[in-house]
Amino acid sequence: MTLLRTLAALTVSSAIALTPLAAQSTYDSVDPMIGTGGEGHTFPGAVAPFGMVQLSPDTDTGHVIRDAYKWAAGYRYSDPTIEGFSHTHFSGAGHSDLGDFLVMPVAGDTVPLEPGDAAKPGSGYRSRFDHRSEAASPGYYAVTLTDPGVRAEMTAGTRVGVHRYAFPAGKAAHLVIDLRSSLYNYSGKILWSSLRLLPDGTLVGARQTRGWAPDRQLFFAMRFSAPLTGHGFVSTEQNVPYKGFQGPGRDSDAVAERLGRALVARLDFGRLARPLEVRVAISSVDEAGAIANLASETGGFDAIRAKTVAAWHKALDVLTLEAPAPMRRNVATALYHSLLAPSVAGDVDGRYRGPDNQVHLAKGYTFRSTFSLWDTFRAEHPLLTLVQPPATTSEIVRSLIASREDSPYGILPVWQFQGRETWTMIGYHAAPVIADAYLKGIRGFDPKAALDAMVASATYAPYGGLGDYMKLGYVPIDREPEAASKTVEYAYDDWTIARMAAAMGRSDVAVTFGKRAANWRNSFDPRTGFVRARKSDGAFRVPFDPTAINYGSDYTEGNAWQYSWFVPQDQAALTVALGGDQATVAKLDAMFDYDNSKLDYSHAEDIAGLIGQYIHGNEPSHHVAYLYSYAGAPWRTQARLKQIVESQYHPTPDGLAGNDDLGQMSAWLVFTALGFYPVTPGSLEYVIGRPFVDRAVLALPNGKRLTISTEGLDAAHPYVGGVTLNGAAVTKAYLRHDQIVAGGTLHFRMQATPDKAWATGAADRPFSTSTPR
């Protein structure tokens, strides 16, 4: 961070700190730059809540697969140039793709159609920029492009993105539209693309890609506030760099339409007296869908921005926060990042493209996609049930069910975006999302169809070793990689199926999956105290190193230290298996205090934010700090949470320990800052931790309010000395969902020393299957 930017940040922080708390909205505290550096993989650009369009700058898109990880969101804070502005981005994903339909303004008489070299200014259409010229807030992004001297602004509606470019006076204005540019780029990714200029001046186009998701189709429609004075549609398919338009009368590409695998367009507007506005809509269905989407959101830049800012105020200001400025920025931005996905993926007329690559119709709801379920089932989806209207979660569930019905395999999504399945990560974690919603009373979807979809996903034998899992009670490592992880994650998902089935009166399903929920025991090795991979003959695989993290090994993006704690449905039984409370606390401490000095994890992506063997930058660790409460030591949870929050979250571009993973990393902070966390979605309980904000008010979807207040909260008082709910003492280490949604005041009294008596009894501990209440 430059000195000037540091001073600017301090000035802003000081101004916020002096502003009366009642005057500060959560919207005003959001900083979309958080996570754009390091490995946060967030983007700073304009997007509406759950918007289909994410209009954001790409600082580099030309990286081969080997290097694509760092540019998963297109923008990297440390980069010195911007290549252009594209319309689709993931927020915090651990894999790159999208970056569709790159637009870049060019000023002057020469229009290069290649991006050029970032190290050689003027070698292409990319431009240098200065962070001091950037502005980013929910629904808005702006930057000054140094080389063309253009002020670029972005805003977005649900299905529309709007650019505004102020060109230098006296210089001709042009746009480059590059359909070759993409994230996760490599030769042959673009299968086909098209550009077509309609008689009314609308530019439409499409491209078909084979990236992270196979055979993905996306269409666009683009309209301009000024008429075109000329254009050129160029194909560079023969790998011969196009030298660019050099002046009037020398262009031979002014055709109305061009098709190919490497297309780039030059659009001319002459010298403009006012900024150029560019309205763009996208559709996964067809060009007509993109045109209809464009017509569905009327108005120019300022009108779209005002509508989106209002939508963000409504979405974010359900939570009001009183805390020091850095913590306010962290938590407000975390809530913002939690409201970007699952994104709208259906057109305004209800059509969408499904996992079968066919067009379907969503009747009575909006189809959503971008499901990073291995990450988001943990806290992101539970958070949405508290901060969004029930219709949001209902639409998510209906979209999951529809995806199963549209799938050629007949199962729920695993990791899906724009309707296309990637088969990334493990488990069938749509199941806990659906079960948690149903058990919380959210309706608006067909529960029978939902349960059928869950069962179908859990019994699809060709998927991830499920055939052996159903036969042996575990996934064998000699037949399936990452077997230890799959066994324990399947067991939890099975438990959520059993819970929903029981609530629906389907005892047959409940009994079957209730038994399967105990399969974690088949991978637990009592001799070592770790979850381990077993072979099909029943033997644990050797040699065994609980610290080893290798791609395609016994565990998924982790090792035995992280995965041995994943028994959220029955942590009490795991505590017994580990030798009781004292042994469990000692093992948890050993995890956090582990000396990693002789270990090298530089080869392992997503392994970031290490505190010993606790890895906050990756999701398998996210519930672990709360597990002390299951062993009768909630004060140890409070101490570890302080350690995690202070070391893993900062209000800076590199302020996230690892990938935000479509909001999961952020949802963890929102819950933790408020003082409770959903360790076991589907249990209808939240484990009490400790708060990190002085006061918060959550406007619940049912119209009630939950106020979190604190007494004595500061760095010298990190421990909970007492908790009350509506004036009554809370003596247990958890809160029920019905207590949360009933509203009222949750009050924490903080103190300097741990209270080793509060919520330690066996009856005071959070839910476990083996200790029913």
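Visitor: Are Asp 589 and Arg 640 buried or exposed?
Guide: Both of these residues are buried. The word buried means under 20% relative accessible area, while exposed means over 50% and partly exposed lies in between (1.4 Å probe, protein chains only). Before going on, note that this is a predicted model, where local features need pLDDT of at least 70, side-chain atom pairs count only at pLDDT 80 or more, and totals for chains, interfaces and linings use all residues. Residues are numbered from 1 along each chain as its sequence is written, and side-chain values use heavy atoms, with hydrogens and water left out.

Visitor: What makes the contact between Asp 589 and Arg 640 a salt bridge?
Guide: Their side chains meet at 3.0 Å, N to O. A salt bridge needs a side-chain nitrogen of Lys or Arg within 4 Å of a carboxyl oxygen of Asp or Glu, so this pair passes. Asp 589 belongs to helix H16 (residues 581-592) and Arg 640 to helix H17 (residues 634-648), so the bridge ties together parts 51 residues apart in sequence. Helices (H or I, at least four residues) and strands (E, at least two) are DSSP runs, numbered from the N terminus.

Visitor: How many salt bridges does the structure hold?
Guide: It holds 37. One of them joins Asp 97 to Lys 189, with the closest N and O atoms 3.0 Å apart. Asp 97 is in the loop between strand E4 (84-86) and strand E5 (102-107), and Lys 189 is in the loop between strand E11 (173-178) and strand E12 (190-197), 92 residues apart. Both Asp 97 and Lys 189 are buried.

Visitor: How do you know that Asp 100 and Arg 216 form a salt bridge?
Guide: The closest N and O atoms of Asp 100 and Arg 216 are 3.0 Å apart, and that distance is inside the limit already given. The pair links distant parts of the chain, with Asp 100 in the loop between E4 and E5 and Arg 216 in strand E14 (residues 216-224), 116 residues apart. Asp 100 and Arg 216 are buried. A network of salt bridges links Asp 97, Asp 100, Lys 189, Arg 207 and Arg 216.

Visitor: Why is Arg 532 called buried?
Guide: Its relative accessibility is 2%, so Arg 532 counts as buried. It sits in the loop between strand E28 (530-531) and helix H14 (560-563).

Visitor: What joins the side chains of Arg 532 and Asp 525?
Guide: A polar contact of 2.8 Å joins them. The rule asks for a pair of N or O atoms within 3.5 Å; within protein, one must be able to donate a hydrogen and the other to accept it, and residues adjacent in sequence count only if both atoms are side-chain atoms.

Visitor: What makes Trp 212 and Phe 417 an aromatic pair, and what kind is it?
Guide: Rings of Phe, Tyr and Trp (its six-membered ring) pair if their centres lie within 6.5 Å; planes under 30 degrees apart count as stacked, over 60 as edge-to-face and the rest as tilted. By this rule there are 36 aromatic pairs. Trp 212 and Phe 417 are 5.6 Å apart, centre to centre, with 35 degrees between the planes, and the pair is tilted. Both Trp 212 and Phe 417 are buried.

Visitor: What kind of pair do Tyr 409 and Trp 423 form?
Guide: An edge-to-face pair, at 5.1 Å centre to centre and 80 degrees between the planes. Tyr 409 has a relative accessible area of 42%, so it is partly exposed. Trp 423, with 35%, is partly exposed.

Visitor: What does the charged end of Arg 690 sit over?
Guide: The ring of Phe 692, 4.0 Å from its centre. The rule wants NZ of Lys or CZ of Arg within 6 Å of the ring centre and within 35 degrees of the ring normal.

Visitor: Where does pLDDT stay under 50?
Guide: Over residues 1-23 and over residues 245-251. pLDDT is the predictor's confidence in each residue, from 0 to 100. The protein chain averages 94, and 95% of the residues score at least 70.

Terms used: Contact = heavy atoms within 4.5 Å.
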